[in-house]
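Here is a friendly briefing to keep beside you while you look through the model. Please open the viewer and follow along topic by topic.

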Amino acid sequence: MRSIPLVALALCAVLGMSEQTVFAQVATPTHAPEIRAALSSGDDFTADLKFLTELAGPQGVRGWKLLESFLIEIYGGTDTSKPAIVEILLSPTGGDSRVYIPLQVIAGKPLGEKFLRNIDGIGFKPQKKLVSNFYQIGGGAKPIPGAAFNGFLRLLPAPINYAVIAANRESLPLNLTDPKAGKVAAALLAKKFDLGLMLKNSKADVASIKARADDFQKVKDELNAGLKQAADALPEEFAVQKALLQHNLGELSRFVSESSELTLGWTTDAPKKEARLDLELEAIPGTDLETSAKLLGLAPGMFSGVPRAENAIFSGRIHFPLDEFRKTSFLGAVPLLRASADAQVEASKGYSSEQKVARKLAWKVWFDMLNDGVNEGVVDGLVDVSQATGEKANLLFALKAKDGNAVKGILEQLPKINDACKVQFDVEKVGDFAIHALTLPDTDEDLELLFGKGVPVFVACGPNAMWVAVGAKSLDSLKKALVAAAQPNAALANNFLTMYYRVGPWVELVDARRVRLDAKPSDVKLSDADLKDKKDRAAHRKLALEILKEGKDTIETKLDAMNGRVTGSTRFDEGLLKFIGSEIAKFSNETLK
């Protein structure tokens with residue numbers, strides 16, 4: 001699969017890491033995670049790119065012929081039957097990467113001669129030979145203006161026959177071995193991904209786990225220092241941004257320091273006409289991450305018995321128990337979210353003091369429910385957006401709650417916030433759930449585009465959940481779902497997250513919205529660059545609409561857990577691959593002709 005030229009991708013990986021390297025590379029500590037990325041082989045990439053491009057039909061066949069000729073030159077000097085491997089090197093003071101590129105052995109020629117000429121042609125110059133099989137690229141340790149890359153390159157002679165590139169000289173010692181023979185690289189290659197990434201922590205003792213967390217703290221400190229409040233942002237909004245960053249970095253720190261093995265892999269499957277992104281996670285025994293993982297997959301979610309909506313264009317189910325780290329983090333965020341909402345209400349224009357009071361009261365009910373929900377220790381929810389051909393969409397949303405009846409407190413405030421909003425309480429009842437009807441003001445054009453004019457809204461409140469249904473046919477779906485939810489599907493106990501997404505209908509909505517906005521008069525004069533960008537986006541949408549109208553446009557994700565091991569896969573359907581192939585073919589036909 002040569003969807004991205006092997007050489008260019010590998011060299012860009014070096015560039016990306018070298019831009020982040022501040023300190024000279026020191027020896028990687030034994031506690032550091034081993035991180036390897038691998039491209040299966042140039043031949044596999046070539047086959048997959050050919051498959052993608054030719055999905056576009058005659059223009060794809062033409063585009064592939066042009067691209068193939070270009071790639072033959074780019075790949076000169078490399079052995080396309082072997083994998084390219086990237087080693088990510090981490091230390092307490094910085095990082096680097098080693099990129100291993102397989103070299104073609106040409107009888108009678110010095111190893112790497114043709115490869116060096118090729119990379120010189122794409123800007124990796126000047127090349128200065130320092131000693132046998134060792135070269136400086138650009139300015140080496142002292143960057144020089146205009147150089148595409150500054151670093152070093154070592155040739156590993158037979159029987160290895162690889163070139164290795166890194167930003168720091170210290171990262172390329174004499175004793176480098178065959179990259180395929182390393183335990184992590186070998187384990188990754190054995191999974192047969194087209195493109196894969198594996199993180200492995202062989203040191204599982206408490207001291208090593210703590211050392212990895214301490215190393216990552218330096219990353220956290222740098223990112224926190226770089227977060228600045230926008231000039232037009234309220235202090236309360238910025239506090240929420242900081243809390244979100246802290247939580248995400250805390251999560252990432254656990255994955256880096258407490259994972260036994262974490263793998264991501266991409267596969268383009270030509271026989272099945274689909275692509276997949278696979279995930280595998282195993283935590284170190286006794287860690288917080290393992291405790292968290294073992295909470296997953298123990299029982300079916302509250303809404304697991306509700307089947308996916310007919311004609312769904314978006315659907316999701318989540319049953320995600322919260323460990324102590326997440327509970328503490330979310331409970332700490334609720335007061336910040338509450339303060340941010342109140343501050344935004346106070347700063348809002350066009351509302352009377354009575355309306356602002358009502359808005360704050362509605363937010364209070366919501367955040368009280370959110371706080372109670374976090375204390376319950378699980379995020380359990382459902383969402384379905386369905387749309388039959390020629391009709392507007394319908395939405396069904398549900399969320400487990402300590403007391404779903406509390407939502408009635410929000411409904412009571414809506415007419416006070418906007419007198420065009422009408423609420424009818426207790427219009428129907430299904431089991432323990434009372435259904436209330438809302439009439440919303442016809443002022444939201446985006447809402448009308450998706451659901452239609454005068455869209456009906458229904459809210460169902462009960463002892464352990466809240467439901468929202470929007471759309472002309474949503475009431476019937478709501479009543480059926482309330483009955484189905486009474487019987488969770490035990491067969492789905494291991495499945496804690498499912499997402500289903502049809503891209504085509506959403507592209508149609510985005511395009512219709514853009515057409516509507518463009519039709520409105522505007523005093524804003526666009527620059528030539530803005531006009532070109534706008535034209536390019538419209539062309540991409542037009543191409544997507546043409547291809548995806550045929551269907552086969554789904555993206556589907558499933559995550560499962562069993563005994564603390566998490567596995568999952570995201571599948572991309574044929575129509576999406578055809579769109580990618582068409583874009584590649586278009587670029588090839590316009591640029592390489």
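Predicted model: local features only at pLDDT ≥ 70, side-chain atom pairs only at ≥ 80, totals over all residues.

The salt bridges come to 41 in count, and a search of the whole structure turns up two cavities of 30 Å³ or more. There is also a second largest pocket with about 780 Å³ of space.

**Salt bridges between distant parts of the chain**

- Glu251 and Arg326 meet through their side chains in a salt bridge, at 2.6 Å from N to O. This pair links distant parts of the chain, with Glu251 in helix 7 (residues 235–258) and Arg326 in helix 9 (residues 324–347), 75 residues apart.
- Are the two partners buried or exposed? Glu251 counts as buried at 12% relative accessibility, and Arg326 counts as buried at 6%; the cut-off for buried is under 20% relative accessible area.
- Glu274 and Arg571 form a salt bridge through their side chains, at 3.6 Å from N to O. Here too the pair links distant parts of the chain: Glu274 sits in strand 10 (residues 274–283) and Arg571 in strand 20 (residues 565–572), 297 residues apart.
- Glu274 is buried, with a relative accessible area of 11%, whereas Arg571 is partly exposed at 23%.
- Glu274 and Arg571 also belong to a network of salt bridges that links them with Asp269, Arg276 and Asp573.

**A salt bridge within one helix**

- Arg537 pairs with Asp533 in a salt bridge, and their closest N and O atoms are 2.2 Å apart.
- Because Arg537 and Asp533 are four residues apart in helix 15 (residues 528–548), about one helical turn separates them.
- Arg537 counts as partly exposed at 39% relative accessibility, and Asp533 is likewise partly exposed at 39%.

**Cavities**

- The largest cavity has a volume of about 80 Å³. Its lining includes Leu440, Pro441, Asp442, Thr443 and Asp444, and also Lys453, Gly454 and Val455.
- Which classes of residue make up the lining of the largest cavity? There are four nonpolar, three polar and four charged residues.
- The second largest cavity has a volume of about 30 Å³. It is lined by Gly373, Glu376, Val378, Lys400, Ala401 and Lys402.
- By class, the lining of the second largest cavity divides into two nonpolar, one polar and three charged residues.

**The second largest pocket**

- About 780 Å³ of space lies in the second largest pocket. Among the 24 residues that line this pocket, Ile410, Leu414, Ile417, Leu438 and Leu440 are the closest to its centre.
- At least two lining residues of the second largest pocket come from each of helix 10 (353–376), helix 11 (408–417), strand 16 (456–461) and strand 17 (465–470).
- The lining of the second largest pocket has 20 nonpolar, two polar and two charged residues.

**Surface patch and a pair in space**

- Leu197, Leu264 and Leu277 make a nonpolar surface patch of about 220 Å².
- Leu264 is found in strand 9 (residues 259–269) and is partly exposed, with a relative accessible area of 37%.
- Arg502 belongs to strand 18 (residues 495–502) and is partly exposed, with a relative accessible area of 24%.
- Arg502 and Gly551 are 49 residues apart in sequence and 8.5 Å apart in space, C-alpha to C-alpha.

**Backbone details to check in the viewer**

- Most residues other than glycine have a negative phi, and most peptide bonds are trans.
- Lys125 and Pro126 are joined by a cis peptide bond with omega of about -5°. Pro126 lies in the loop between helix 4 (113–121) and strand 4 (127–131).
- The peptide bond from Ala158 to Pro159 is also cis, with omega near 10°. Pro159 lies in the loop between strand 6 (151–156) and strand 7 (162–166).
- Asn161, found in the loop between strand 6 and strand 7, has a positive phi of about 60° although it is not a glycine. Asn161 is buried, with a relative accessible area of 11%.
- Lys273 has a positive phi near 55° and lies in the loop between strand 9 and strand 10. Lys273 is partly exposed, with a relative accessible area of 37%.

Key: Residues numbered from 1 in each chain as written. Heavy atoms only, no water. 1 Å grid on protein atoms, 1.4 Å probe; cavity = no way out; pocket = protein on both sides within 12 Å on 5 of 7 lines; lining within 4 Å. Points joined across faces, edges and corners; volume = space filled by probe spheres on them. Nonpolar A, V, L, I, M, F, W, Y, C, P; charged D, E, K, R; others polar. Patch = residues over 30% accessible without salt bridge, like charges linked within 9 Å, V, L, I, M, F, W, Y side chains within 5 Å. Areas by Shrake-Rupley, 256 points an atom, 1.4 Å probe, with all protein chains shown as cover. Salt bridge = Lys/Arg side-chain N within 4 Å of Asp/Glu carboxyl O. Buried < 20%, exposed > 50% of the residue type's maximum accessible area, 1.4 Å probe, protein only.
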